[in-house]
Amino acid sequence: MSKIESCCIIDDDPIFVYGTKRIMKEIEFCESIVVFNNGQEALDGLMEISQSDKKTPQVIFLDLNMPIMNGWEFLDEFIKIPNNNLKKTIVYIISSSVDPRDLERVKDYKQRVNNYILKPITPNDLETVLGALTT
């Protein structure tokens, strides 16, 4: 499997971010990783990236429970960004929530959200994502 160019992690948990970055490096998931600590920071950062000549992330791993702007609020704003490059970005919800309402709500975003992955993320989870992207 070949690795992707860039991905984005939107999560306020530094331990989760550290562990996920380590696993990504181990399995050679991507060339570069952009990290944002909340939805608002991510929205601002992704809009800046989309308006520059930088590559937009191919994958976003999005936590649902964050301060300032949570994952759902981020998705509501993200789908409004008028940029064709970001339309190619695939979002994976990464959460420790097993609330059936969250799983049901993901269906409202099926245009942009590919799947729901339970924390902690595993090498197998990332390999599945890579397989889906590179086939």
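Is Trp72 buried or exposed in this structure? Trp72 is buried, with a relative accessible area of 7%, where buried denotes under 20% relative accessible area, exposed over 50% and partly exposed the range in between (1.4 Å probe, protein chains only). The structure is a predicted model, in which local features require pLDDT of at least 70 and side-chain atom pairs count only at pLDDT 80 or more, whereas totals for chains, interfaces and linings use all residues. Residues are numbered from 1 along each chain as its sequence is written, and side-chain values use heavy atoms, with hydrogens and water left out.

The aromatic residues were examined as ring pairs. A pair of aromatic rings is described by the distance of the centres and the angle of the planes. Rings of Phe, Tyr and Trp (its six-membered ring) were paired if their centres lie within 6.5 Å, with planes under 30 degrees apart classed as stacked, over 60 as edge-to-face and the rest as tilted. In one of them, Phe29 and Phe61, the ring centres are 5.9 Å apart and the planes stand at 50 degrees, so the pair is tilted. This pair joins distant parts of the chain, 32 residues apart: Phe29 belongs to the loop between H1 and strand S2 (30-36), and Phe61 to strand S3. Helices (H or I, at least four residues) and strands (E, at least two) are DSSP runs numbered from the N terminus. Both Phe29 and Phe61 are buried. The rings of Trp72 and Tyr109 have centres 5.7 Å apart and planes at 25 degrees, so this pair is stacked. Here too distant parts of the chain are linked, with Trp72 in helix H3 and Tyr109 in the loop between helix H5 (100-106) and S5, 37 residues apart. Tyr109 is buried, its relative accessible area being 9%.

Charged side chains were considered next. Side chains of opposite charge can pair when their charged atoms come close. With a salt bridge taken as a side-chain nitrogen of Lys or Arg within 4 Å of a carboxyl oxygen of Asp or Glu, the model contains seven salt bridges. Among them, Arg22 pairs with Glu26, with 3.6 Å between the closest N and O atoms. These two residues lie four residues apart in helix H1 (residues 14-26), and are therefore separated by about one helical turn. Arg22 is partly exposed at a relative accessible area of 45%, whereas Glu26 is exposed at 54%. Glu77 forms a salt bridge with Lys80, the closest N and O atoms lying 3.4 Å apart; Glu77 is partly exposed at 33% relative accessibility, and Lys80 is exposed at 56%.

A further salt bridge joins Asp63 and Lys119, whose closest N and O atoms are 3.4 Å apart. The partners come from distant parts of the chain, 56 residues apart: Asp63 lies in the loop between strand S3 (59-62) and helix H3 (71-78), and Lys119 in the loop between strand S5 (113-118) and helix H6 (123-134). Asp63 is buried at 5% relative accessibility, while Lys119 is partly exposed at 21%. Asp11, Asp63 and Lys119 are linked in a network of salt bridges. Lys119 also lies over the face of Phe16, at 4.5 Å from the ring centre, under the criterion that NZ of Lys or CZ of Arg is within 6 Å of the ring centre and within 35 degrees of the ring normal.

In soluble globular proteins, nonpolar side chains tend to be buried together. A nonpolar core was defined as a set of buried Ala, Val, Leu, Ile, Met, Phe, Trp, Tyr and Cys residues joined through side-chain atoms within 4.5 Å. The largest such core has 23 residues, and those with the most contacts inside it are Ile10, Ile60, Leu62, Phe74, Leu75, Phe78 and Ile93. Strand S1 (4-10), helix H2 (39-51), S3, H3, strand S4 (90-95) and S5 each give two or more residues to this core. Apart from it lies another core of 19 residues, including Phe16, Val59, Ile94 and Leu126.

The loop between S3 and H3 also contains Asn65 and Met66. Asn65 is exposed, with a relative accessible area of 52%, whereas Met66 is buried at 10%. Asn65 and Asp11, 54 residues apart in sequence, are 8.2 Å apart in space, C-alpha to C-alpha. Contacts of Met66 (heavy atoms within 4.5 Å) include Ile10, Asp11 and Gly39, residues up to four places away in sequence not being counted.
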